[in-house]
Amino acid sequence: MQYIHYCDHYDALSDRASEHLIRIIENKPDATICLATGATPELTYRFFVEKVQQRSVDLRHVSFVKLDEWVGIPLHTPGTCEAFLQQHIMQPLGLRAEQLIGFQSEHIDEKECERVTELIASRGGLDLCVLGLGKNGHLGLNEPGTALEPLCHISHLDEQTRHHDMLKTAGRPVTHGITLGLKDILNAKEILLLIAGEGKNAAVEKYLTATVTTTIPASFLWLHDNTTCLLDGSRYSDR
């Protein structure tokens, strides 16, 4: 079942999403939560950090998982998913290094996929996966194509993804990413999909048809039993 809610504006979407994160942790203090990166969830994470600090939410036993990463650039480089989560989640909350399960980005092969998959499994799987919708309909770095990888894998980036805003500070071309696969994502007990930002109208329109297709990887979320989709209603209207 998928619950779709049009929020009045981006701030309202972010506030609602941050409350969702808090509720998951209050219900399960040792939750394992996968986090997307980029402009869409940025304000959600800011609100989340503020609420954790204001309410003294106990995060000592929470584990966060990095959804994906660019391949070939050092993790400390601005624009990496690692740098994003360190800036917006880990450092503001003073979390321990071991509370973030993340991909390495250099000199990696499929063994890196196995390592991250095993770490997630050792924590009982994902309780929540926070996702965004890519301009080309991608989910994580699962790119559109004639076929999709079910498991964690190294992906060949779509031309549109190679010009992602996060990569403007990478300092070099990036052609590959490493990402949880669609089966990994769909195995999460709960999914929170956030849709906001410019240039996504075509992808949103196709997604909302509820037609499952490899040309819109995010459409596979319609197969999940517990997905909440929050849309910025000031940009994407149900009317």
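**View 1. Helix H1 and what covers it.** The cover over the buried residues of H1 includes strand E1 (2-7), strand E2 (32-35) and helix H2 (39-55), along with strand E6 (128-132), strand E9 (191-195) and strand E10 (227-232). The model shown here and in every other view is predicted. H1 spans residues 10-27, 18 residues in total. From first C-alpha to last, H1 reaches 26 Å, close to the 26 Å expected at 1.5 Å a residue. Which residues of H1 are buried? They are Leu13, Ser14, Ala17, Ser18, His20, Leu21, Ile22, Ile24 and Ile25.

View 2. E9 is joined to E6 by four bridges, and the two run parallel. In that pairing, Cys129 has Ile191 of E9 as its bridge partner. E9 is also joined to E10, by five bridges, again parallel. Here Ile195 has Leu231 of E10 as its bridge partner. Between E9 and E10 the chain crosses through helix H6 (residues 201-207), and this β-α-β crossover is right-handed. Strands of a sheet pair through backbone hydrogen bonds, either parallel or antiparallel.

**View 3. The open sheet E4-E8-E7.** Three strands make up this open sheet, in the order E4-E8-E7, with antiparallel pairing. Strand E4 (68-70) and strand E7 (153-156) are the edge strands, each pairing on one side only. On average, neighbouring strands of this sheet are turned by 25° against each other, direction ignored. E4 pairs with strand E8 (residues 176-179) over three bridges, in the antiparallel sense. Asp68 has Thr179 of E8 as its bridge partner. Helix H4 (residues 110-122) packs on the sheet and touches E7 and E8. The direction of H4 makes about 130° with that of E7.

**View 4. Two loop residues with positive phi.** Most residues other than glycine have a negative phi. His107 has a positive phi, near 55°. His107 sits in the loop between strand E5 (100-101) and H4. Is His107 buried or exposed? The relative accessible area of His107 is 83%, so this residue is exposed. Ala210 also has a positive phi, near 65°. The loop that holds Ala210 runs between H6 and E10. At 36% relative accessibility, Ala210 counts as partly exposed.

**View 5. Gln2 in strand E1.** Gln2 is part of strand E1. Its relative accessibility is 14%, so Gln2 counts as buried. The cut-off for buried is under 20%. Which side chain makes a polar contact with the side chain of Gln2? That of Tyr207 does, at 2.5 Å. Leaving out residues up to four places away in sequence, Gln2 touches Tyr207, Leu221, Trp222, Thr227 and Cys229.

**View 6. Thr32 in strand E2.** Thr32 belongs to strand E2. With a relative accessible area of 1%, Thr32 is buried. Which residues does Thr32 touch, not counting those up to four places away in sequence? Its contacts are Ser63, Val65, Arg123, Gly125, Leu126, Asp127 and Leu128. Gly125 lies 93 residues from Thr32 along the chain, yet their C-alpha atoms are separated by 7.0 Å.

**View 7. Gln54 in helix H2.** Gln54 is a residue of helix H2. Its relative accessible area is 62%, so Gln54 is exposed. How far apart are the C-alpha atoms of Gln54 and Thr175? They are separated by 41 Å, and the two residues are 121 apart along the chain.

Conventions. Residues are numbered from 1 along each chain as its sequence is written. This is a predicted model: local features need pLDDT of at least 70, side-chain atom pairs count only at pLDDT 80 or more; totals for chains, interfaces and linings use all residues. Side-chain values use heavy atoms; hydrogens and water are left out. The expected span of a helix is 1.5 Å times one less than its number of residues. Buried means under 20% relative accessible area, exposed over 50%, partly exposed in between (1.4 Å probe, protein chains only). Contact means heavy atoms within 4.5 Å. Two strands pair if DSSP finds at least two bridges between them. Axes are lines fitted to C-alpha atoms, for helices over the stretch in contact, and angles run from 0 to 180 degrees between N-to-C directions. A crossover is right-handed if, with the strands pointing away from the viewer, the path from the first strand over the helix to the second runs clockwise. A polar contact is a pair of N or O atoms within 3.5 Å; within protein, one must be able to donate a hydrogen and the other to accept it, and residues adjacent in sequence count only if both atoms are side-chain atoms.
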